[in-house]
Amino acid sequence: MATMLTARLSRPLSQLPRKTLNFSERENGARGSLLFYSPSFVPGSRRTYADSVNPVGSKAVLVTGCDSGFGFSLAKHLHSKGFLVFAGCLMKDKGHDGVKELDSLKSDRLRTVQLNVCKSEEVEKVVETIRSSLQDPEKGLWGLVNNAGISTFGDVEFTSMETYKEVAEVNLWGTVRVTKSFLPLIRRAKGRVVNISSIMGRLANVSRSPYCITKFGVEAFSDCLRYEMHPLGVKVSVVEPGNFIVATSLYSPERIRAIATKMWEQVPEAVRQDYGRKYFDEMVARMENFCNSGSTDTSPVINAVTHALTSTTPYTRYHPMDYYWWVRMQIMTHLPGAISDRIYIH
Ligand SMILES: NC(=O)c1ccc[n+]([C@@H]2O[C@H](COP(=O)([O-])OP(=O)(O)OC[C@H]3O[C@@H](n4cnc5c(N)ncnc54)[C@H](OP(=O)(O)O)[C@@H]3O)[C@@H](O)[C@H]2O)c1
């Protein structure tokens, strides 16, 4: 045991080659660099997974937020793996393009369902739809992937209470609401709950408080649920994607500008005067730059969720992210705040 621990702890430092990474706020401009040893084990996006997986058989899963982004790709991918996929879509009733594309597959095993995670009546309706479509409802539902989410930005003093509540309603309360409604079916199957959090659920950042607090909440909820479900045979995993902004619809320059216009109009006069327009414009510009950043390949996220649903031993946390964010996460979650603040924030 002691040998195993020593090997694990010493592994990163014993690996070469050395690599220089910029330890700056990527979207906030350069703030210096640091040398570190790149571990040969692969964190994040290129992590390799164990081979032993459960046969998918006729297992059914529900994925929320499938109109676009990760959810859309996941629905198609899990379908291709043989799952019966219920794809919850916010805009099914409005004929969103993503929904049309999923429906165009015309497969019995890929069914889109209208699902706004903020509306209890829609959630309950989907519970009934799924219960009545399962071959044997007594065997329950194998998987729930809480993926639906929204994001915004803004320093604390620029963010209205309505904005905080709006983001929490989808990301946090939506996750809690859907999970509570589906747990009876998931428990019967001794199945899986996979919650899509974010690197922003592990570390905070300037101008991101409305989003960070919801994802930190998802992390806490997932941990509590994991402890409670363990004796019941249900496994709970969290997937913490890094930056895939350019690959999904979470942000767009248009959306950033719309949020910014509304924010400036609504911000209290005293805040407007104290910070000034220049500060505000710089904050918005940083977010606009952020929209064009990140990885275009979402497969690390899709593979992480698939592993969490199919492996006999799913991980508690998955980190589909690049080295920069993986190292930053380790430093910000393990070193004293005085040190990590100095490296990344101040
Ligand atoms: N992209 C990244 O870099 C990144 C990083 C870390 C974590 N994440 C997380 O990954 C998840 C998926 O996001 P994404 O990046 O794939 O963005 P996305 O393309 O915008 O996908 C989010 C989906 O959730 C849907 N949605 C929004 N409000 C909803 C509601 N009330 N009920 C049901 N569905 C709702 C959206 O529908 P509409 O399209 O119709 O609005 C959209 O289809 C989110 O939880 C997000 O926080 C993303």
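Biologist: Why does Lys190 count as partly exposed?

Modeller: A residue is buried if 20 or more other C-beta atoms lie within 10 Å of its own, exposed if 12 or fewer, and partly exposed in between, with C-beta atoms placed from the backbone. Lys190 has 14 C-beta neighbours inside 10 Å, so Lys190 counts as partly exposed. This is a predicted model: local features need pLDDT of at least 70, side-chain atom pairs count only at pLDDT 80 or more, and totals for chains, interfaces and linings use all residues. Residues are numbered from 1 along each chain as its sequence is written.

Biologist: What is the phi of Lys190, and where does Lys190 lie?

Modeller: Its phi is near 50°, a positive value in a residue other than glycine. Lys190 lies in the loop between α6 and β7 (192-196). Helices (H or I, at least four residues) and strands (E, at least two) are DSSP runs, numbered from the N terminus.

Biologist: What makes Lys106 count as exposed?

Modeller: Lys106 has 7 C-beta neighbours inside 10 Å, so Lys106 counts as exposed. Its place is in the loop between α3 (97-103) and β5 (110-114).

Biologist: Why is Thr179 called partly exposed?

Modeller: Thr179 has 19 other C-beta atoms within 10 Å, so Thr179 is partly exposed. Thr179 lies in helix α6 (residues 173-189).

Biologist: Which residues is Thr179 in contact with, leaving aside its neighbours within four places in sequence?

Modeller: They are Leu144, Asn146, Val193 and Leu225. Contact means that the C-beta atoms, placed from the backbone, lie within 7 Å. Thr179 and Val145 are 34 residues apart in sequence and 9.1 Å apart in space, C-alpha to C-alpha.

Biologist: How do you know that the buried residues of α5 line one face?

Modeller: In helix α5 (residues 161-171), Val167, Val170 and Asn171 are buried. Seen down the helix axis, the buried residues fall within an arc of 90°, so they line one face. That arc is taken from the directions from the helix axis to the C-beta atoms. On the other side of α5, Met161, Glu162 and Lys165 are exposed. The buried residues of α5 pack against α6 and α7 (209-229).

Biologist: What makes β5 and β9 edge strands?

Modeller: The open sheet has 7 strands in the order β5-β4-β3-β6-β7-β8-β9, with parallel pairing. β5 and β9 (317-318) each pair on one side only. Two strands pair if DSSP finds at least two bridges between them. Strand β3 (residues 60-63) and strand β4 (residues 84-89) are joined by 4 bridges, so they pair. Val61 has Val85 in β4 as its bridge partner.

Biologist: Which residues come nearest to the ligand?

Modeller: Gly65, Gly69, Ala148, Gly149 and Thr248, of the 31 residues around the ligand. Being near takes a C-beta atom, placed from the backbone, within 6 Å. Helix α2 (residues 69-80) gives the most to this shell, with 3 residues.

Biologist: How confident is the predictor in the protein chain?

Modeller: The mean pLDDT is 88, and 84% of residues reach 70 or more. pLDDT is the predictor's confidence in each residue, from 0 to 100. Over residues 1-45 the pLDDT is below 50. Where pLDDT is low, the predicted coordinates should not be read in detail.

Notes: Contact = placed C-beta atoms within 7 Å.
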